[in-house]
Amino acid sequence: MNTTQHTLVVGLQFGDEGKGKIIDSLVDDFDAVVRFNGGANAGHTIYYKGQKIALHQIPSGVLNKHVLNIISHGLLLNLSLLVEEMNGLDAFSIKLTSKNFCISPLCTLVMPWHIAMDRATSGTQIGTTVKGIGPASADRINRRGIRLIDLFAEDFEKRFMDEGVIQNNILKVFGGDTLDLKKEYTLLVKSFEQIRGYVLDVYDLLNSLTKNNKRILFEAAQGMMLDVFNGTYPYVTSSVCDPSSVTQGTGYVFPLKKIGVLKPYLTVVGAREVPTEIFSTTADIIREKGNEYGATTGRPRRIGWIDIPMLRYVLQHGIDEFALMKLDVLTNIDEIQVCTAYWDVHIDEEIRYTPGYNDGLKHITKVYESFPAWKEDISGMSKFEDLPKNAKAFIKGIERYLDKKISYISTGVNKEDLIVR
Ligand code: GDP
Ligand code: IMO
Ligand code: MG
């Protein structure tokens with residue numbers, strides 16, 4: 001196997017960087033796409049024949065006939081939402097078969113009580129997507145998670161009922177809505193029947209794809225600042241979102257090319273401090289132009305300026321190439337700001353950004369460099385030379401601060417709206 005046979009696409013900010021779009025653009029060079037972390041909290045948007053599709057658990061390669069789409073055990077699987085998503089693809093005449101789609105039997109399931117618990121608890125404080133990810137992840141780590149493979153067991157109904165009684169009691173303690181377990185069991189089994197034909201040993205499959213020189217694209221969910229260990233805890237998701245999540249979520253340590261995806265500004269959904277948040281009408285302009293509304297919940301995304309110290313923090317994990325998305329959104333913005341440094345006025349020195357250490361501190365100020373915007377429409381451009389002078393200067397400025405060339409620049413929602421350098 002050559003060392004760049006497989007590639008990871010990973011978000012470098014707070015999610016929604018455009019991972020779905022870049023995967024759609026790059027997928028022609030790959031044989032398989034794997035979702036391996038997060039769950040239905042993810043929303044990856046792709047445009048297909050002019051129509052918008054938001055994918056949540058199904059890998060973003062699904063629109064391409066030649067691609068094998070794989071869900072490995074790292075994804076917290078919600079069966080009823082998966083069936084809904086699969087049925088939704090009918091409208092686009094996309095046919096899933098056991099030849100182009102498979103699911104690891106070792107996926108931990110998001111059960112109805114996890115969603116009820118999410119709604120009753122952290123849903124309100126953290127501003128979660130209420131897809132049950134936190135509680136399902138807690139049960140997985142606490143070794144009481146129910147996995148897809150368990151549904152094949154003859155005594156599964158008893159296991160479900162026994163666990164359901166315990167979970168209903170916990171829900172009562174948290175003031176949540178208890179569940180009608182018989183009804184939930186029937187719904188779960190119905191969904192299971194619809195997907196059981198796709199269940200396959202993914203360890204074995206990934207091994208044999210690798211041996212046969214097939215190329216795999218690993219599609220991370222969320223973004224590195226949402227990582228449960230290294231993000232803005234507790235305002236994070238409950239999964240690992242950094243490159244190590246490939247190993248955890250697939251079981252293999254592949255040599256990978258890592259493509260880090262970022263926007264030329266920041267967006268955030270849910271509660272958390274955003275050091276570079278924009279409070280002027282510029283935020284509304286960017287939100288509307290960039291259609292910055294959650295692909296999973298529809299919530300308006302808060303907007304901030306691109307934060308170089310924060311990017312430098314996540315880049316410690318090692319990234320080989322950058323994909324800068326949504327450059328077209330900044331066309332006609334009065335003045336583009338780039339946060340280039342955090343400054344501690346007590347010691348009069350630049351400091352590093354580390355989440356949790358300098359959040360909300362009044363004596364830490366931010367240093368900005370402002371870049372003039374461009375007026376020319378750049379939507380759909382695919383050549384760097386064609387970009388207006390100011391757009392080129394902005395890209396070069398970011399590259400200077402990140403000390404690395406940006407390999408991909410996205411200029412629109414469609415697969416072909418991409419500059420490759
Ligand atoms: P993901 O979660 O990282 O896959 O990102 P989302 O799909 O949640 O959000 C990204 C949004 O930006 C989607 O609505 C995409 O269609 C859109 N998008 C991606 N790339 C571009 C781009 O270059 N230009 C514009 N205007 N929109 C883009
Ligand atoms: P993609 O893959 C943006 C955020 C939620 C909330 C926090 C915890 O589309 O980039 P959770 O439901 O995971 O317990 O919520 O994490 N969050 C995301 N924000 N994009 C995502 O995924 C997200 N997945 C979770 O908004 O603040
Ligand atoms: Mg998203």
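Trainee: By class, how many nonpolar, polar and charged residues are in the shell around ligand 2?

Mentor: The shell around ligand 2 holds 6 nonpolar, 10 polar and 4 charged residues. Ala, Val, Leu, Ile, Met, Phe, Trp, Tyr, Cys and Pro count as nonpolar, Asp, Glu, Lys and Arg as charged, and the others, Gly among them, as polar. This is a predicted model, in which local features need pLDDT of at least 70, side-chain atom pairs count only at pLDDT 80 or more, and totals for chains, interfaces and linings use all residues. Residues are numbered from 1 along each chain as its sequence is written, chains are lettered from A and ligands numbered from 1 in the order in which they are written, and side-chain values use heavy atoms, with hydrogens and water left out.

Trainee: Which residues come nearest to ligand 2?

Mentor: There are 20 residues around ligand 2, and those that come nearest are Asp 16, Lys 19, His 44, Thr 129 and Thr 237. A residue counts as near if one of its heavy atoms lies within 4 Å.

Trainee: And which oxygen contact does Thr 129 make with ligand 2?

Mentor: An N or O atom in the Thr 129 side chain is 2.5 Å from an oxygen atom of ligand 2. For Asn 41, a polar side-chain atom lies 2.8 Å from a ligand 2 oxygen. Asp 16 uses its backbone instead: an N or O atom there is 2.8 Å from an oxygen of ligand 2. Polar contacts of this kind are pairs of N or O atoms within 3.5 Å.

Trainee: What share of ligand 2 does the protein bury?

Mentor: The protein buries 98% of the 550 Å² that ligand 2 exposes when taken alone; the areas come from the Shrake-Rupley method with a 1.4 Å probe.

Trainee: Where does ligand 2 sit?

Mentor: Ligand 2 sits in the largest pocket, meaning that more than half of its atoms lie within 2 Å of the pocket's grid points. A pocket is an open set of points on a 1 Å grid over the protein atoms alone where a 1.4 Å probe fits, with protein on both sides within 12 Å along at least five of seven lines, and lining residues have an atom within 4 Å of a point. The largest pocket contains about 820 Å³ of space, the volume being that filled by probe spheres set on the points.

Trainee: What lines the largest pocket?

Mentor: Its lining has 41 residues, with Thr 128, Ile 133, Val 236, Thr 237 and Ser 238 nearest the centre. Helices H3 (112-120), H5 (133-141) and H6 (156-173) each supply at least two residues, and H5 gives the most, with 5. Helices are DSSP runs of H or I with at least four residues, and strands are runs of E with at least two, numbered from the N terminus. By class, this lining has 17 nonpolar, 18 polar and 6 charged residues.

Trainee: Changing topic: how much space lies in the second largest pocket?

Mentor: About 510 Å³. Of its 28 lining residues, Thr 45, Gly 290, Arg 301, Lys 326 and Val 413 are closest to the centre. Helix H1 (19-26) and strands E3 (44-48) and E4 (51-55) give two or more residues each to this lining. The classes are 7 nonpolar, 10 polar and 11 charged.

Trainee: What takes the space of the second largest pocket?

Mentor: Ligand 1 does. H1 and E3 give two or more residues each to the shell around ligand 1, and that shell divides into 5 nonpolar, 8 polar and 7 charged residues.

Trainee: One last point, on the backbone: which residues does the cis peptide bond join?

Mentor: Tyr 233 and Pro 234, with omega about 5°.

Key. A polar contact is a pair of N or O atoms within 3.5 Å; within protein, one must be able to donate a hydrogen and the other to accept it, and residues adjacent in sequence count only if both atoms are side-chain atoms.
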